[in-house]
There are 2 protein chains.
Amino acid sequence: MRILILGGDGYLGWPTALHFSVRGHEVAVVDNMLLRQMHTERGTESLTPIQSLQERVATWRQRSELDIHTFIGDLTDGEFTDHVVREFAPEAIVHYGEQPSAPYSMIDRQHAVFSQTNNVTGTLNVLFAMRDHAADCHLVKLGTMGEYGTPNIDIEEGYIEIEHRGRKDTLPFPKMPGSFYHLSKVHDSHNIHFACRTWGLRATDLNQGIVYGIETDETAGDEELITRFDYDEAFGTVLNRFCVQAVIGHPLTVYGEGGQQRGFINIRDTLQCVDLAVSNPADGGNFRVFNQFTEVFSVLELAETVRAAGAQRGIDVAVEHLPDPRVEAEHHYYNPRADRLRELGLVPRLLSDELMQSMLGIIERYQDRVIERAILPTTSWRPAEGTSGV
Amino acid sequence: MRILILGGDGYLGWPTALHFSVRGHEVAVVDNMLLRQMHTERGTESLTPIQSLQERVATWRQRSELDIHTFIGDLTDGEFTDHVVREFAPEAIVHYGEQPSAPYSMIDRQHAVFSQTNNVTGTLNVLFAMRDHAADCHLVKLGTMGEYGTPNIDIEEGYIEIEHRGRKDTLPFPKMPGSFYHLSKVHDSHNIHFACRTWGLRATDLNQGIVYGIETDETAGDEELITRFDYDEAFGTVLNRFCVQAVIGHPLTVYGEGGQQRGFINIRDTLQCVDLAVSNPADGGNFRVFNQFTEVFSVLELAETVRAAGAQRGIDVAVEHLPDPRVEAEHHYYNPRADRLRELGLVPRLLSDELMQSMLGIIERYQDRVIERAILPTTSWRPAEGTSGV
């Protein structure tokens, strides 16, 4: 299959490209190096010493004799996006190509506006390019479980049947996202749904939980192919950040009481889920939504897991409760469903001690690269009380 | 009260400014003349021979000895928006300042992207300016009933109590908007709701039906103060367009079978509703949603009403069914609620024969100005079948 990976230089995009390449698909990646540029802006970088995209593609060619096409450019440039889709004629597009950070989107007005216009415009351009040049192509779009927020009812997968005053309909599940970034994903979902209804496009929205892990089958043990690994306040997700904190002897930074529950998923399972979505495309005109996580943990549970894993390595891990920089419920009902990917065959790799030890081991290898200044939260959702991160 | 009208040069913005000015409020208007520029792009213009904003403000000063402050600039310019809010220090902001046309947003990729980035960015900038310089100010934002689409259940006002698997929550009413313009309004609603939850701002979203009518108390009979009146494919709403068609002897252009039901409201009632919202502000932290229409008609019912009104004036009005350029249900359940503005005191002016005769009379006065080419739909929601409007 011809598979186009948008954001193919990223934490998930790069391993996804290798995953499909090694399985005999024709793969092209698009990236404008936005994430590297945002790290430069923030004075941070990946824990793992990643090579340039161009270098990694060359290395992959040496290792595998497989070509990955690269298109360097910005999805918000409609002519560029049009050109890529016309030229490569993808049968599936896996779309990770967005500004991915909630804290970054909350820094100030400019960052909020950038996050929304960047993500919404890029996705609109992809939809128009599909409509005009690849109408049968299947869009697999990375959304987030954060689109739903934490409602007091079970979270279904994208839609909910509502019975109201004696009548019934199945409608989009109501969204209560928690940052301008999460809002951008909600906007995308509405736009993609409309394009499916109106133009007959086919799409799958993967509302993903928080990803953890470093290695995948294709990158394991090969430093020149390794993917990026972020642990900083803006781009590091919570479990990855906790593991880095444990290794360098920094207290685990739990925001508030740590009762926030979220869905989590191993990076290897991300690839499994994306593969299942690509291999089982949505029908034409159908906007399908899968919730993509394998386990639910509270932040405090995660901290305890990391503390226990550290203890096994002789590391004494402290847990520190910081005032929550976000506006979010610290205790809430949380019961999201995630049945559809399992129905397609997902076999989850749950968070194990073995995985924890492997992650901590890899982090130890690179611990001299940790920029400690970048760990503590500086961006507050409540601007009057916090300090600006800029 | 200090009231800032965004989009104060528009069909509703200008009469709203006069309405509050004559009632003793201090009024400022913001506009970048976008609507005039879009008309220039499309080769169309207002049926009524409106003066420039600056000229109308000067005329108003002569007539009333009342000043209306003007800020000429673009809300997507964050520094400008910040400056206006800091300078004028509004207690209420009435926000009409958006690209208002569904067909315009559907012309092509560029118009879709423009409609969304323009509307979303402008509103984000307003929210940040409020947060930083006018945290107690009440935002009265014009939304649209089109955000809801036509679900098979009663449409509530903004929120719905959902009982699901034995639990309950009141959540945002699910949205199924029908164009990139309508989607931009859904995006705005989510962004404003977030700003209220997160920063404690107060806002009222007025999900307005389709407005009809020309005159208001302040503009009636004074050609130098008259508001714009659009009848073209892009900016003319259905009843206004039908009335112009009747006067010039053009068949009424019913899209498809005409079974589409929508909420409608008289322009004078728009002012009444906005006044009620401004006079009864939302609480801090509260994102309040009112559905703002007074009657529901099908498009075919409207056509019959216009035909009957024409007959009284001796005009023989034909009705023509065109293939629907939009993707929308031509027959559907439709029962939206609109109780909250009535509870605040709205006394509706229903669509009457008297109003129809008055509209037709005013249109006859300007019928030589009608640009007939601009009436038929050229923008199709289904691009393969339609012709591009550009």
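The model is predicted: local features need pLDDT of at least 70 and side-chain atom pairs count only at pLDDT 80 or more, while totals for chains, interfaces and linings use all residues. Residues are numbered from 1 along each chain as its sequence is written, and chains are lettered from A and ligands numbered from 1 in the order in which they are written.

**Exercise 1.** State the strand order of the open sheet of seven strands in chain A.

*Solution.* Helices (H or I, at least four residues) and strands (E, at least two) are DSSP runs, numbered from the N terminus. Two strands pair if DSSP finds at least two bridges between them. The order is E3-E2-E1-E4-E5-E8-E12, with parallel pairing. Strands E3 (68-72) and E12 (287-292) of chain A are edge strands with a single partner each, so one side of each has no neighbour in the sheet.

**Exercise 2.** Which strands of chain A does helix H7 (residues 180-199) of chain A lie across?

*Solution.* H7(A) lies across E5, E8 (202-208) and E12 of chain A. Its direction is at about 155° to E5(A); axes are lines fitted to C-alpha atoms, for helices over the stretch in contact, and angles run from 0 to 180 degrees between N-to-C directions.

**Exercise 3.** Describe how chain B touches chain A.

*Solution.* Contact requires C-beta atoms, placed from the backbone, within 7 Å. By this criterion, 41 residues of chain B are in contact with 41 residues of chain A. On the side of chain B that touches chain A, H6(B) gives the most, with 12 residues.

Methods: Contact = placed C-beta atoms within 7 Å.
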